[in-house]
Amino acid sequence: ELAGKEDIDGTSCFKLKVTDKAGKVVVAYIDSKSYYKVRQTSTANVNGQETEVSVNYSNFQKIANAGIVMPFTIENPGMPAPLTFTKIEVNGKIDEAIFKVD
């Protein structure tokens with residue numbers, strides 16, 4: 001459901017309300033120019049109480065040889081520090097030895 005437009009940190013965003021089959025609601029904020037998801041909010045049960053959880057996405061970069069753009073920084077305001085990636089590989093080679101059971 002398109003729930004209007006909203007300003008997120010100076011960026012004009014489409015506000016999309018997504019409800020899954022179980023009735024869980026997630027609100028996605030999509031940059032109206034780039035169409036990147038810059039924020040997502042939902043509710044979660046934390047210590048027995050319903051709490052709004054927000055995740056911010058930024059530092060978007062194109063992935064070499066994959067043709068897609070990914071956020072290299074993911075931030076949850078309730079956490080002490082953002083998660084920042086220095087490299088993301090798509091369909092990279094994996095050493096089969098890591099799947100061996102000893």
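## An exposed asparagine

Asparagine 91 counts as exposed, because its relative accessibility is 77%. The model discussed here is a predicted one. Asparagine 91 belongs to the segment that follows β7, a strand formed by residues 83-84. Although asparagine 91 and asparagine 65 are 26 residues apart in sequence, their C-alpha atoms are 9.9 Å apart in space.

## The order of the strands

How many strands does the open sheet have, and in what order do they stand? The sheet has seven strands, arranged in the order β1-β2-β3-β4-β5-β6-β7, and the pairing is antiparallel. Strands β1 (residues 2-8) and β7 are the edge strands, since each of them pairs on one side only according to the definition of pairing, which asks for at least two bridges between two strands.

Strands β1 and β2 run antiparallel and are joined by five bridges.

Five residues lie between the strands in the hairpin of β2 and β3, where glycine 23 has a positive phi near 95°.

Five bridges connect β3 (residues 25-31) with β4 (residues 37-46) in the antiparallel sense. In this pair of strands, isoleucine 30 stands opposite lysine 37 of β4. The hairpin of β3 and β4 has five residues between the strands, and tyrosine 35 takes a positive phi near 65° there.

Strand β4 is then joined to β5 (residues 49-62) by eight bridges, and the two strands run antiparallel. Threonine 41 has serine 54 of β5 as its bridge partner. In the hairpin of β4 and β5, with two residues between the strands, asparagine 47 takes a positive phi near 55°.

Which residues make up the largest nonpolar core? The core has five residues, namely Ile8, Cys13, Val27, Tyr29 and Val38. With its neighbours within four places in sequence left aside, cysteine 13 is in contact with Gly4, Lys5, Glu6, Ile8, Tyr29, Ile30, Asp31, Ser32 and Val38.

Leucine 16 is located in strand β2, which covers residues 11-19. Leucine 16 has a relative accessible area of 30% and is therefore partly exposed.

## Charged pairs

How many salt bridges does the structure hold? There are three. In one of them, glutamate 6 is paired with lysine 15, with 3.6 Å between the closest N and O atoms. Glutamate 6 counts as partly exposed, because its relative accessibility is 33%. Lysine 15 is likewise partly exposed, because its relative accessibility is 23%.

Another salt bridge brings together the side chains of arginine 39 and aspartate 9, at 3.5 Å from N to O. Because arginine 39 lies in strand β4 and aspartate 9 in the loop between β1 and β2, this pair ties together parts that are 30 residues apart in sequence. Are these two residues buried or exposed? Arginine 39 counts as buried because its relative accessibility is 18%, whereas aspartate 9 counts as exposed because its relative accessibility is 69%.

Lysine 87 and glutamate 89 also form a salt bridge, and the closest N and O atoms of this pair are 3.2 Å apart. Both lysine 87 and glutamate 89 are exposed.

Notes. Residues are numbered from 1 along each chain as its sequence is written. This is a predicted model: local features need pLDDT of at least 70, side-chain atom pairs count only at pLDDT 80 or more; totals for chains, interfaces and linings use all residues. Side-chain values use heavy atoms; hydrogens and water are left out. Helices (H or I, at least four residues) and strands (E, at least two) are DSSP runs, numbered from the N terminus. Buried means under 20% relative accessible area, exposed over 50%, partly exposed in between (1.4 Å probe, protein chains only). A nonpolar core is a set of buried Ala, Val, Leu, Ile, Met, Phe, Trp, Tyr and Cys residues joined through side-chain atoms within 4.5 Å. Contact means heavy atoms within 4.5 Å. A salt bridge is a side-chain nitrogen of Lys or Arg within 4 Å of a carboxyl oxygen of Asp or Glu.
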